[in-house]
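Hi,

Here is the structure I said I would pass on to you. Have a look at it first, and then read my notes below.

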Amino acid sequence: MVKIERNFVTVLSIDGGGIRGIIPAVILAYLESQFQELDGEDARLADYFDVISGTSTGGLVTAMLTAPDENGRPLYAAKDIKPFYLNNGPKIFPQKGGWFGKIWPSIRSVFGPKYDGKYLRSLLKEQLKEIRLKDTLTNIVIPTFDIKNLQPVIFSTYQAKRCPKMNAYLSDVCIGTSAAPTYLPAHYFKIEDPKHGTDEPPREYNLIDGGVAANNPTLVAINQVTKQILDNNPDFSPMKPIDSPSFRVISIGTGAAKNEHKYDSKQAAKWGILSWLFHKSSTPLIEVFMQSSADMVDLHNSVVFQTLDSSENRYLRIQEDELSGILSSADAATKENLEKLVEIGEKLLKKSVSRVNLETGVSEPIPHSGTNEDALKRFAKLLSDEKRFRESKSPIMNYP
């Protein structure tokens, strides 16, 4: 193994959020276009990030960006992800018309998941075929949650290369991390260790949406790299595990409805189980724990990177806090809503770079930092230079 000399570790993270995955799809297409302007049309995001991490819909995007095609290049370019959602979203989350069609999903959710998940499963099996975690073109990290053992399960390329029973099919990982409670059914599969055959029992997985553990998987990705450093992975020496400035992180959210103030304590004080699960067109309980999971990670990263005197060129969080109404839904896959989500992603690129206010939890513009487009351009140049540096130092390319 040839040790790779590097200036820093590069991380891309994509939140969960169902159909709102269209928002990061727009952002990622712009970022990849910047790499292509610098390094040619064949440039892909997987060429520039040591780790790409995603939860739920972000896990699907992660898989598309890193799964190899027959030529050993990414299965999807970033610009292809938006059409993927536009074409397949209405089939994953079929929308029924009329008054009965509007109330039927809520009725069905009382007795089972709103959607049977059959289309998503068949689509992922068809697209990802026999590709396993260890086959990805760069390291990936995808959180899930095992409902039987009541503990998070983090699937990563690092783990898959060391432990055969963690080397799952990429399609199974994506189905598992997307199995949002009340929306899609839980996913079961098992993995046998090929070295031991029937001598050891297979490892079983009973998975639901990774968003219950880490809807924003940025910290999970950083922790996976830190573990490699602590385990003396030669690819990362002589880096220190707590040297956060050694990271360059882009974290992309799928939008939130913070500024809409959808709920208040007077309402919630009267809610029972049904109201927490079904309130108008939303699911408050799911929204609360997934949004809190995502925001806690952003709060942590904001504190750490600011404390270490890090600029926005080290940690960039792109998130839209002003979704309202049906736009904040995870499954509103109507043509009109999909088009609006694309528009939100495009407008988000033009917005000022923001950082979470540690007092209010609301993102506020950072003075003199420009727009998110400007920040992504700066990151693209930084990561392109890093890639060139590594290529000049490493005669054999062997990314960690």
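Predicted model: local features only at pLDDT ≥ 70, side-chain atom pairs only at ≥ 80, totals over all residues.

Strand 8 (residues 315-318) runs parallel to strand 7, and four bridges join the two. Within that pairing, valine 249 stands opposite tyrosine 315 of strand 8. Strand 7 also has strand 1 (residues 9-14) as a parallel partner, this time through six bridges. There, valine 9 stands opposite phenylalanine 247.

Glutamate 386 belongs to helix 14 (residues 372-393), and its relative accessibility is 2%, so it counts as buried.

Helix 2 (residues 57-66) is mostly covered too, with ten of its ten residues buried. Among them are Gly58, Leu60, Val61 and Met64.

Now the rings. The structure holds eight aromatic pairs. In one of them, phenylalanine 35 and phenylalanine 49 have ring centres 6.5 Å apart and planes at 80°, so that pair is edge-to-face. Phenylalanine 35 sits in helix 1 (residues 22-39) and phenylalanine 49 in the loop between helix 1 and strand 2 (51-54), so the pair ties together parts 14 residues apart in sequence. Both phenylalanine 35 and phenylalanine 49 are buried. Another edge-to-face pair is phenylalanine 84 with tyrosine 85, at 5.9 Å centre to centre and 80° between the planes. Phenylalanine 84 is buried at 6% relative accessible area, and tyrosine 85 is buried at 5%. Ring pairs also link Phe35, Tyr48 and Phe49 into a cluster.

Elsewhere, the charged end of arginine 132 sits over the ring of tyrosine 169, 3.8 Å from its centre.

Last, the cysteines. How many disulfides are there? The count comes to zero. Cysteine 163 is partly exposed at 28% relative accessibility, whereas cysteine 174 is buried at 0%.

Cheers

Note on methods. Residues numbered from 1 in each chain as written. Heavy atoms only, no water. Buried < 20%, exposed > 50% of the residue type's maximum accessible area, 1.4 Å probe, protein only. Pairing = 2+ DSSP bridges. Disulfide = S-S within 2.5 Å. Phe/Tyr/Trp six-rings, centres within 6.5 Å; stacked < 30°, edge-to-face > 60°. Lys NZ or Arg CZ within 6 Å of the ring centre and 35° of its normal.
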